[in-house]
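Here is a short briefing on how two chains meet. The structure comes first.

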There are 2 protein chains.
Amino acid sequence: MIYTEKKIEKILRQRGCKITPQRRAILSAIIHSREHLAPAAIHKKVCQEHPGVGLVTVYRTLEILSELGLICEMHAGGNCRSYMMRRPSGHHHHLICSDCGTVIDFTDCDLGELERRLSKETSFKINGHLLEFLGQCRNCCKETVIR
Amino acid sequence: MIYTEKKIEKILRQRGCKITPQRRAILSAIIHSREHLAPAAIHKKVCQEHPGVGLVTVYRTLEILSELGLICEMHAGGNCRSYMMRRPSGHHHHLICSDCGTVIDFTDCDLGELERRLSKETSFKINGHLLEFLGQCRNCCKETVIR
DNA sequence: TGCTAATTGAAAATCATTTTCATTTATTGG
DNA sequence: CCAATAAATGAAAATGATTTTCAATTAGCA
Ligand SMILES: [Mn+2]
Ligand SMILES: [Mn+2]
Ligand SMILES: [Zn+2]
Ligand SMILES: [Zn+2]
């Protein structure tokens, strides 16, 4: 947990956002979850404590948080849905189990060299990358063997 | 172009698929395109020569081709839509311009070392990865400067 | 040539996300 | 405190991609 809720609220204010109960609730749901949650899941969580908060508001809040780099997105292979997550410590990537959805974060991707080379070769100004490994977690490996 | 249409048809037959005019048309559209096409774009292309082919059939065919590893998917950052593409020579990745959508392929990602380490540390059986760089292509860089 | 399982397309269903719009509310300066 | 006001909210509808359903058609084999 890098930022406290207070700190995040401050950042939001600086951007001209108002701090509403809904935003507090959404923020809290994301901050206090260890998992990577889809918008719908965040909404569900928020509604347990604050019924009536609209899914639309969740989407709008996620957009702002994402824009400010306070949360990041996850892309799983085939079905291409994006999930929002709390950042463990800035820039990081995922190891996703295709069977059960378990996600493990890792931070050291070390793509700087490759990035520099590609940038040079293509004249692209690169400002980010998406890196995710897909496979089977320990448990799902076992199950496959047993079958 | 690694596989000829004939070769691909053979692979499809081996899997128990029938070779229909629709599938031939879809395959041809993908094979003869240098670009990464979304399902809708493939459908459009196919319909120029073969009006009446359903978008549903495009989706169904893409699913099979993807399953067989004959085509692969592309994921752009935020809006998370998946695009299908012809593979230039097997495993490869993308450099995507966030402004105009231009895509450049590259093949040497060199993630083996990282993959091995992660696998060891997490006991995951890793069977693939997703790697995409996002940025601005040469043209879009210029435009930004001019403004 | 005829059989049959696979395939097809239209239409409807799903599902995630966005837009619209009238109503409410957080913030601020008096 | 008390407006004034721009920002935020939620319901509902719109959008857009993808999937499902189902009756009709067809490719491939016997
Ligand atoms: Mn993560
Ligand atoms: Mn490619
Ligand atoms: Zn698993
Ligand atoms: Zn560009």
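This is a predicted model: local features need pLDDT of at least 70, side-chain atom pairs count only at pLDDT 80 or more; totals for chains, interfaces and linings use all residues.

Residues are numbered from 1 along each chain as its sequence is written, and side-chain values use heavy atoms, with hydrogens and water left out.

**Extent**
- 39 residues of chain A are in contact (heavy atoms within 4.5 Å) with 39 residues of chain B.
- The two chains bury about 3,200 Å² between them, 67% of it on carbon and sulfur atoms. Buried area is the accessible area (1.4 Å probe) lost when two parts are put together, summed over both.
- A:Phe124, A:Leu130 and A:Phe133 supply 21% of the area that chain A buries against chain B, more than any other three residues.

- Two salt bridges cross the interface (a side-chain nitrogen of Lys or Arg within 4 Å of a carboxyl oxygen of Asp or Glu).
- A:Arg117 forms a salt bridge with B:Asp108; the closest N and O atoms are 2.9 Å apart.

**Strand pairing**
- Strand E5 (125–136) of chain A runs antiparallel to strand E5 (residues 125–136) of chain B, and 11 bridges join them. Strands (E, at least two residues) are DSSP runs, numbered from the N terminus. Two strands pair if DSSP finds at least two bridges between them.
- A:Leu134 has B:Gly128 in E5(B) as its bridge partner.

Technical notes:
Chains are lettered from A and ligands numbered from 1 in the order in which they are written. Helices (H or I, at least four residues) and strands (E, at least two) are DSSP runs, numbered from the N terminus.
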